Amino acid sequence: ERGTTVHIGANSVTRKMEFDKGIPLSYDFVSNEINTVKLQFHAQLLSIIIKVFRRPLQVLLCLLNILYLIAYLILKGQISSLDIYFVYIPQIFLLLLEVVFEMTEYFKIILNDKKTNNQTAHIYDSDQKCFISTSWKNIRVGQIIKVNKEEIVPADIIILETLDSHHLCYIDESSITGVFDAFKIKSACIDTQTPVMKPIKINEYLKNIKGMFKYEEPNEELNYFNGRLKLESFPRASDVSIENFVMRGSSVKNIKCVYGLVAYAGMETKIMQIIQSEKKSEISKKGRNIIGSSFYEIQFVMFFIYFCFLGDFAISTISKTYIAINNKELYYYLEVENW
C-alpha cells in the first residue's frame, strides 16, 4: 500500500503526509493561522467607495451636486456659500456613514481573526514528552493534539483515540451546520485504538503512532472524507472515513478528551474552504440582505428629505442661472410688484 495512490469514492486520495509521534516529517502544508480579510486596507477603502457610487440614488445625488456647483460658479456669489454647503451635507454624510460602517466591519474581521489565531490548544511535544499549550496559529499538519471536553477543535483532525471504552466521542457541529441539539457520534481510527479498558499511557501509546496518511485534497464537502492510514506497526493500511473526521470549529461533548492527528490546518480546513468560496449559510445571506436593504432605505429617506427641504432652492437656483446666462434679472414671485 505504501507509496501508491488510492482512489476511494468520489474524491481521489492524492495528498500524502508522514508523521512520527506527533512530529510532521513534511512542512509543505500551510499553517493553522487564518486570514479572512480579502483585501488590504487601501484596496478595501477603494472598493467601498466604488460600491457606494454604483448605487442609482448616490449617482443622482452626485449629479445634482455637480449641477449646483456649476450654478454657483456661473452666478458668482449670488448663491450663498452656506446654501452650497447645505447641499453637499447629505451626500458627504451618506458617503462617510457607509464608509465608516463598512470599515468597522472590516476591522471587526481583522480583530476576530487575531483572537481566533491566539486561542489556546494542546499539542504533543516529543522533547518534553507531554502535551503543551500553544496558540492555534502554531499548529501544523501532522501534529497530534489533545481536545478536552467543551473545547473547540482548532483544526480538521482524524481521531486517534478517545477516553471512552468504545473509542467513541460526541461532537457538536452546530457552529458549522447551524443544526443545534444534534450531536454526531465519531469514532477513533481502527489501527490507533487501544485495547478496551486499558488506560492510555500517552508516551507508550505514541510509540506506535508513526507512519503515513494519504487523503483527499482540501475541499468543501462537510459530509464526506476518505483516506488511508498506514502505521509502521501494522502490516497493512486501514480506511479513514468521515466517521473518524472532526472539523475545525466543532466542540467535544460527553467525553473527557480526544486525541487527534491534524489533517487540514488554517485556510485549508473545510469550514475555511467554504468561507473562501463564499458559500455562506442562508442565515448569513439573509443577514447581509437585511443590512443592505436597511441602508438603502435610509438613503432613500434622506434623498426624499433632501428634495423636500431644497426644492425651492433648486428651482430658484436654476431660474437664476438661466436668467444670468441671458443677462437678465430675476425677481422672486414674492416681489412681483417690483417687476
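Reader: What percentage of the 339 residues in the chain do buried residues make up?

Author: Buried residues account for 41% of the 339, where buried means under 20% relative accessible area, exposed over 50% and partly exposed in between, with a 1.4 Å probe and protein chains only. The model is predicted, so local features need pLDDT of at least 70 and side-chain atom pairs count only at pLDDT 80 or more, while totals for chains, interfaces and linings use all residues. Residues are numbered from 1 along each chain as its sequence is written, and side-chain values use heavy atoms, with hydrogens and water left out.

Reader: Why does threonine 192 count as buried?

Author: Threonine 192 has 2% relative accessibility and therefore counts as buried. This residue lies in the loop between strand 8 (184-187) and helix 5 (202-206); helices (H or I, at least four residues) and strands (E, at least two) are DSSP runs numbered from the N terminus.

Reader: What does the side chain of threonine 192 reach at 2.6 Å?

Author: It reaches the backbone oxygen of leucine 160 at 2.6 Å, and the backbone oxygen of cysteine 189 at 3.1 Å. A polar contact is a pair of N or O atoms within 3.5 Å; within protein, one must be able to donate a hydrogen and the other to accept it, and residues adjacent in sequence count only if both atoms are side-chain atoms.

Reader: How many bridges pair strand 5 with strand 14?

Author: Strand 5 (residues 144-148) and strand 14 (residues 257-264) are joined by five bridges in the antiparallel sense; two strands pair if DSSP finds at least two bridges between them.
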